[in-house]
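I opened a new notebook page for a structure I had not looked at before. Here is what I looked up, in the order I got to it.

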Amino acid sequence: MATTAHSPPWWKWVVMVASFFALLLGGTVSYCAGVVHVALLDYFHEDITVTAWLGSLFASMFALTGPIASLVINMFSCRTCVMLGGVLELVGFACSAFVTEMRWLFLTYAILVGLGEGLVYTGSVVLLGFYFRDQVSLVTGVGMAGVGMGTFFLPPLTQYLLDNYGLKGCFLFLGAIAFHAVLFGALLRPSELETELAVSAKSGKSVCQRILTSLCGRCDRVGEMFHPAFLLLLLATFSFSVGNFISYLFLPDIFIKQGSSPQEASFLFSMVGIGGALARLLGGFAANDPNIGPSVLFSGTYGVIATIDFFIWPMTKTMVGKVAYAFMFGLYASVGWVLINPLTLHIVGVRNFASGYGIAMLASGLGILIGPPVASIIAETYGKYQAAFYFAGSTFFVSSMCGLMIMLLKKTQSDVPEEKSDIPELQSLTDGKDHFHHVDEVTVVIKCPSTDNHRSPSSPGGTDDM
């Protein structure tokens, strides 16, 4: 079996840094959607509902395209996925600069740029799981801190570009910035584990079979991947995405209605970005602690933000309260983006990791797309924004309960262990052993705590000694 040249041991740290900058420059452009939304209204003078749907589709595409990113990763590599995403972002923004009718922006801006961002985002995060299986929570937190920094600096930078270069010039600059993801994507050399999984997926299969397994996971039975814990993770991801983007949509208006000027509201919203960057970094450290773990952290943080959302109106009556709420919202509501990666890896295993992460991101994208319109209906029905935040708090509470049930399932049932693989051949890659010739034949073994030895049913000769 042909294999690629092994990366030196220190190259994984290059991958971590490259993922950070790829996410910073090419994986955060959707956070400028709110600023661009105002510019689009002024430039095209279209109906506000049409413009809102354009912004909503653009903001959700980075997650909706998760299965497409998984397909590219499983068929090719994470590096190809990230570099292709950077090219699509450049092309999409460049075409948007020459569009004269808003309807074409649904193709160039929402779909092309959104697809590119999704490829950069998913490819950068998934490769960290392949390189750092024993420290996936910690390293994902470091890499995702790039998203937090992008949340902080990209909206004011976009406003500066709009003020000085107009909408078309802003699109060109944003495309050039996002295109830098290609440079950092080129440094994302495939890991040995990723290479072997890709080779095993291609061997002896037709193109249709490869596409199907790339999208749905390398499982002989669907139940191996769609375990109850994974279904709970999908529900949790959908729920916190609904709550997150409801808050992002209505939070500036809440601050203004509580007496803040638009400039103060912009400053307060930047506090969300600071809290988000800190949360992604600290969340990775905390989830990596075996005494805490990602499921406990997921349940706890969303339980806190659910409680805070029910008290938003009295909290935001003073400037100190507004700053505190904005910072805490960024701190607690952003942790989930870090924890999707380790939770997916622990639940579905490394063989189905890329496919599982893509499906989880699809669930997130559906939440982002559906949440704001539903919240708008709720706010119009009750005549106040508090009702929308009560609904958002309820979705955060659902996420918290799902995290708790995932933790209980992992204790009462025999899921894939959090830090060790049930696949001896793949585990050996982290131990420096070469067992590549049996990867394609291995299935996941569900272990019971009371059993000392288990044999893979499809292992050659029925032995564990490969």
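I started with a definition: buried means under 20% relative accessible area, exposed means over 50%, and partly exposed lies in between (1.4 Å probe, protein chains only). This is a predicted model, where local features need pLDDT of at least 70, side-chain atom pairs count only at pLDDT 80 or more, and totals for chains, interfaces and linings use all residues. Residues are numbered from 1 along each chain as its sequence is written, and side-chain values use heavy atoms, with hydrogens and water left out.

Entry: salt bridges. I counted a side-chain nitrogen of Lys or Arg within 4 Å of a carboxyl oxygen of Asp or Glu. I found one salt bridge in the structure. E101 pairs with R103 there, and their closest N and O atoms are 2.7 Å apart. I noted R103 as exposed, at 59% relative accessible area, while E101 is partly exposed at 36%. Side chains of opposite charge can pair when their charged atoms come close.

Entry: cysteines. I looked for disulfides, meaning pairs of cysteine sulfur atoms within 2.5 Å, and the whole structure gave zero. For C32, the nearest cysteine sulfur belongs to C170 and is 6.8 Å away. C32 is buried, with 0% relative accessible area. I also looked up C402, which is buried at 2%.

Entry: N352. Where does N352 sit? I found N352 in the loop between α15 (335-348) and α16 (353-382); helices here are DSSP runs (H or I, at least four residues), numbered from the N terminus. N352 is buried, at 2% relative accessible area. N74 is 278 residues from N352 in sequence, yet their C-alpha atoms are 9.6 Å apart in space.

Terms used:
Helices (H or I, at least four residues) and strands (E, at least two) are DSSP runs, numbered from the N terminus.
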